[in-house]
Amino acid sequence: MKDERRKGMMDMRKTIPTILALTVLLIFCCCSKKDKELQRIIDATVVNKERIANLASLEFHDDVLLFDRNGPDTTAVIIARPTLVFGLDLKDLSRDSFEKSADGDTIFVTIPPAQVIHFICNPQDREIISADKGWDADRRMKVMVNRAREAALRDAYEKRVVERATQHAIENLNKFLSITTDKVISVRVGEPETQSSLKLSAPKG
Amino acid sequence: MSDFIRRIILTALVCLAAVSCGKDPMALQIKKIAEMDFLETTTYELNYLTRNGPSEYEQYKPGKRVLLYSGVARITAGIDLSGFSYDNVEIDKAGGTITVTLPQPMISIVEIPEDRIKKEYEKVSPFRSSFMAQEKEQIKKDFEDELRKKVIPGLGIEDEARKDAREFMTITFNALGYENVFVKFKDER
């Protein structure tokens, strides 16, 4: 009887450390799984950042009416049809752009706001509505294209295209990440890392 | 082998089995894709200018007669994923390959707010008659027709949506561990 009790005690002494060891192992596994999940999301996003940037784009086709004066009495009216492509500049996206909530259930991703990534205004995108004799189309068209770019940028800001482009980028990134993980994804907009190469600076002309 | 070690191994195996006997992970991803309902891949915004179209007869008349109207439009295209299911994927796990079949892209939204169609420019030379109110109204009415029938189809937004959907699915399934992702569209020749 005494022997059986001693054996039982011995078993208990073996079982308790076993349970403790397994609990520690499970906690360790869970924690490392959470970190691995975050790392997997970071890898998937950072590796594909150029492709994601292209996906999250919005095209703004802006017809611009331009009036030009070439000499005292020589005027022309032109329609230029430039296209601005808004997208994300994700070259600075890194591990620091990702953050996990305290409970580990939400992953926050910070992206810069959308900006102009391409400007297109081909010769076929221009139409001369009227031009006086002596208006030098070859010489003035370059000036017209620059003015079309400035006008299109101004229109894009005035018509809040930039905000919608940013929203479009957030939605697409959110959809992409939400499929690849069980975590809740929250995409936030941070400060622009770099300024657009197409600045809005020139006066209205 | 001592009882202690045997028990650890046994318990670990039970835990491992319990963890790995969860739901098929791909079933969850497919459900999530279908729940997106419509994947808006491509958005174009237009600030469009149109002029009165000179008729053949008009070009022989002396002097110019120009009337320009502007208006805005927003066009969105994408893929209807509401019916997405296991039937749309073929998986070769050994080769790390997945083939995804998607429906053809379609234009989902065309917004042309009528109140934002406005006159931008009018010039009539002295030899020509001014634009009558009726004529102006007709040009304004033709504006929406021109956008819907001529301008929007010419933008190629559906081709862009096809390209964007292919890219979206490729990066998504790459992230899920498939090295080779092939995206096809239904009725694609």
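## The order of elements in chain A

From the N terminus on, the elements of chain A run α-α-β-β-β-β-β-β-β-β-α-α-β. That gives chain A four helices and nine strands; here helices (H or I, at least four residues) and strands (E, at least two) are DSSP runs, numbered from the N terminus. This is a predicted model, in which local features need pLDDT of at least 70 and side-chain atom pairs count only at pLDDT 80 or more, while totals for chains, interfaces and linings use all residues. Residues are numbered from 1 along each chain as its sequence is written, chains are lettered from A and ligands numbered from 1 in the order in which they are written, and side-chain values use heavy atoms, with hydrogens and water left out.

Chain A has 205 residues, and 44% of them count as buried. The term buried means under 20% relative accessible area, exposed means over 50%, and partly exposed lies in between (1.4 Å probe, protein chains only). Now take the contacts in chain A with a separation of 6 or more: residues 24 or more positions apart account for 79% of them. A contact means heavy atoms within 4.5 Å.

## Where chain A meets chain B

How many residues of each chain are in contact with the other chain? There are 40 residues of chain A in contact with 41 residues of chain B. The size of an interface is often given as the accessible area lost when the parts come together. Between chain A and chain B the buried area is about 3,700 Å², and carbon and sulfur atoms give 60% of it. In chain A, Arg51(A), Leu55(A) and Ile179(A) lose the most area to chain B, together 19% of what that side buries. Buried area is the accessible area (1.4 Å probe) that two parts lose on being put together, summed over both.

Between chain A and chain B, 16 residue pairs are in polar contact (both at pLDDT 80 or more). A polar contact is a pair of N or O atoms within 3.5 Å; within protein, one must be able to donate a hydrogen and the other to accept it, and residues adjacent in sequence count only if both atoms are side-chain atoms. Several elements of chain A each supply at least two residues of the side that touches chain B, among them helix 1 (2–47), helix 2 (49–55) and strand 1 (58–62). The largest share of that side, nine residues, comes from helix 4 of chain A. By class, the side of chain A that touches chain B has 16 nonpolar, 10 polar and 14 charged residues. In this scheme Ala, Val, Leu, Ile, Met, Phe, Trp, Tyr, Cys and Pro count as nonpolar, Asp, Glu, Lys and Arg as charged, and the others, Gly among them, as polar.

Strands also pair across the two chains. Strand 1 of chain A and strand 1 (residues 38–51) of chain B pair in the parallel sense over five bridges, and Leu58(A) stands opposite Thr43(B). Two strands pair if DSSP finds at least two bridges between them.

## Salt bridges

The structure holds 22 salt bridges over all chains, and four are found across the interface of chain A and chain B. A salt bridge is a side-chain nitrogen of Lys or Arg within 4 Å of a carboxyl oxygen of Asp or Glu. Glu167(B) forms one with Arg51(A), the closest N and O atoms being 3.0 Å apart. Asp182(A) and Lys32(B) form another (3.8 Å, N to O). Asp182(A) lies in the loop between helix 4 and strand 9 (184–189) of chain A and Lys32(B) in helix 2 (residues 25–35) of chain B, so this pair joins two chains. Asp182(A) is exposed, at 61% relative accessibility.

Within chain B, Lys31(B) bridges to Glu35(B), with the closest N and O atoms 3.2 Å apart. Lys31(B) and Glu35(B) are about one helical turn apart because they sit four residues apart in helix 2 of chain B. Lys31(B) is partly exposed at 48%, whereas Glu35(B) is exposed at 53%.

## Strand 4 of chain B

Strand 4 of chain B has a partner in strand 3 (residues 89–92) of chain B, joined by four bridges and running antiparallel. Strand 3 and strand 4 of chain B form a hairpin with four residues between them, and Gly96(B) in the turn has a positive phi of about 60 degrees. Six bridges join strand 4 of chain B to strand 7 (residues 180–185) of chain B, and these two run parallel. Thr97(B) stands opposite Asp92(B) and has Asn180(B) as its bridge partner in strand 7 of chain B.
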